[in-house]
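Please look over the sequence and structure shown below. This report goes through some features of its surface and its aromatic rings.

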Amino acid sequence: MPSVSASISIPSAFLRYRAIVDDWEAFVAALRRPLPVCAWTNTLRTTPAQVKAALEAEGLKPEPLAWRPDAFRLPPDSQPGNRLAYVLGHYHVQEEVSLLPVPLLDPQPGERVLDLCAAPGGKTAQIAVRMQNRGTVVANDRNPLRLRQLSGTIERLGLLNVTTTLHDGADYPLESGPFDRVLVDVPCSCEGNFRKDQQVADAFAGAPELCGLQTALLHRAVMLCRPGGRIVYATCTFAPEENELVVDAVLRRWGEALRLLPAHLEGFRGAPGLIEWNGRRLHPSLELTLRVWPHLNDTGGFFVAVLERQA
Amino acid sequence: MKGTPELQQAVKIVDPAPYFRYLEERFGIPPSTFDGYVLVQPGRKKVYIVTADHRPPARPRPRTVGLPFLRIYLKFPKLSTAAAQQFGHAATRNVIDVDAAQAEAFLTRRDFRARPEQLTLCTGRGYVLVRYQGHTLGVGFLIPDEEGGCVESMLPKSWARDPDSFSLTAS
Ligand SMILES: C[S@@+](CC[C@H](N)C(=O)[O-])C[C@H]1O[C@@H](n2cnc3c(N)ncnc32)[C@H](O)[C@@H]1O
């Protein structure tokens, strides 16, 4: 059992979630535990069995995830990045919740897929691998330094189907489209990263400027997606203003032309999205979105919405 | 080998023949290794390799397209570390199989000595592929001498491991 450090105090900013968390004690206890590390197999280069064997040979203790046997959970203090198999691009290190959006996006070989806020590229890499290193992944970010880290990810994993661009996603040129699928992994207040970084609670969750950017990014993503195509919106925060309220605003703007699909992954426990917050009623279909509280699967916090643009 | 119309619009397509010829001469890599890919030049110094069905946008202008392949405008083009790891398995010449201590030196960007019997596949001074346990780690530069040779690690800083914490030899 990882040690429980009772000295970590739960930020007062989180108290407002008391009414929407199913088990407050378990939530608080999970926040005080260090976060497990996670590594997923680059199946373009090797097999899950070989990654497991390589990690074990390094003295680590990989446990396959219940819902994704090609990915492994490692104890919180593991350093799987400093190993030969990592340098060889046999696996990538990423938090478990960061594995949720791409299976829900479900990109197919040969398609055109846009990752609007892509750096440092962990999800871009998952998309490229799922597409069997064929077709088109366009990975965009506004930050040039982070875009270089994205290039590093592409190079180490041997991805041959990714183009990178440096642009404001909210103003991404429409002539670049249409795309079959768009991932919108927005900048957010990152409250769900609390187990990794206790400073995150100082960020002002739900700041209007940030929510405005998130809404603009999602709206742009819908414009860039072909009718009949899929858009996945993700954050790593608990704040409803950055999650359901953003999706609600964009759903209202698009009316009949946009609908939510169930965000469900077999074997991973989630809570339904909110359909009401602070007395405000939201679009009832928002219960199809996925809220991840840390105690449900011993992970960080996360939110995912899967949208389909109507043909 | 021309790529999609979108690719042609977005980026300069490069004639691969001279590069493939060079890689075949130096490393014995058959050009057919690269079937299904196109070489492009999004910037000035590097040629990239990308899947032939790729359809990038022309606007915004791509920063990178696919995987770095070769750095050009050098006396000899240098194969990128990424391309060496990806395609090195096809090489038959100028490959050095290294032991754990040598691999550790290479990955921490230190030069290492190669013994004469490790140079049987090498044709002389120049770029070599450094292979460990069947995996290509990257590109080195071989300077042969009477007792074998010295291999300079050409691993870019961004790929290098920290010598204080990375080890292939510690038990
Ligand atoms: C949550 S991170 C993305 C993580 C990434 N998807 C991954 O899996 O590695 C959000 C990213 O959005 C970028 N960003 C912030 N504002 C942006 C904008 N207006 N347009 C595009 N990207 C933006 C940030 O630089 C940051 O890299």
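## Model and charged patch

The model is predicted. On its surface, Arg148(A) forms a positive patch together with Arg44(B), Lys45(B), Lys46(B) and Arg71(B).

One of these residues, Arg71(B), sits in strand β5 of chain B, which covers residues 67-71. Arg71(B) has a relative accessible area of 38%.

## A stacked pair in chain B

Over all chains, the structure contains 20 aromatic pairs. Among them is the stacked pair of Phe20(B) and Phe34(B), with 4.8 Å from centre to centre and 20° between the planes. Phe20(B) belongs to helix α2 (residues 17-27) of chain B, while Phe34(B) is in the loop between α2 and β2 (37-41) of that chain, so the pair ties together parts 14 residues apart in sequence.

Phe20(B) is buried, at a relative accessible area of 8%. Phe34(B) also counts as buried, with 2% relative accessibility.

## An edge-to-face pair in chain B

The ring centres of Phe69(B) and Phe87(B) are 6.2 Å apart and the planes stand at 85°, so this pair is edge-to-face. Phe69(B) is in strand β5 of chain B and Phe87(B) in helix α3 (residues 81-87) of chain B; the pair links distant parts of the chain, 18 residues apart. Both Phe69(B) and Phe87(B) are buried.

## A ring cluster in chain A

Ring pairs also join Phe14(A), Tyr17(A), Trp24(A), Phe27(A), Phe194(A), Phe238(A) and Trp293(A) into a cluster.

How values were computed:
Residues numbered from 1 in each chain as written. Chains lettered and ligands numbered in written order. Predicted model: local features only at pLDDT ≥ 70, side-chain atom pairs only at ≥ 80, totals over all residues. Heavy atoms only, no water. Patch = residues over 30% accessible without salt bridge, like charges linked within 9 Å, V, L, I, M, F, W, Y side chains within 5 Å. Areas by Shrake-Rupley, 256 points an atom, 1.4 Å probe, with all protein chains shown as cover. Salt bridge = Lys/Arg side-chain N within 4 Å of Asp/Glu carboxyl O. Lys, Arg positive; Asp, Glu negative; His and termini not counted. Charge placed at Lys NZ, Arg CZ, Asp CG, Glu CD. Helix = DSSP H or I, 4+ residues; strand = E, 2+ residues; numbered from the N terminus. Buried < 20%, exposed > 50% of the residue type's maximum accessible area, 1.4 Å probe, protein only. Phe/Tyr/Trp six-rings, centres within 6.5 Å; stacked < 30°, edge-to-face > 60°.
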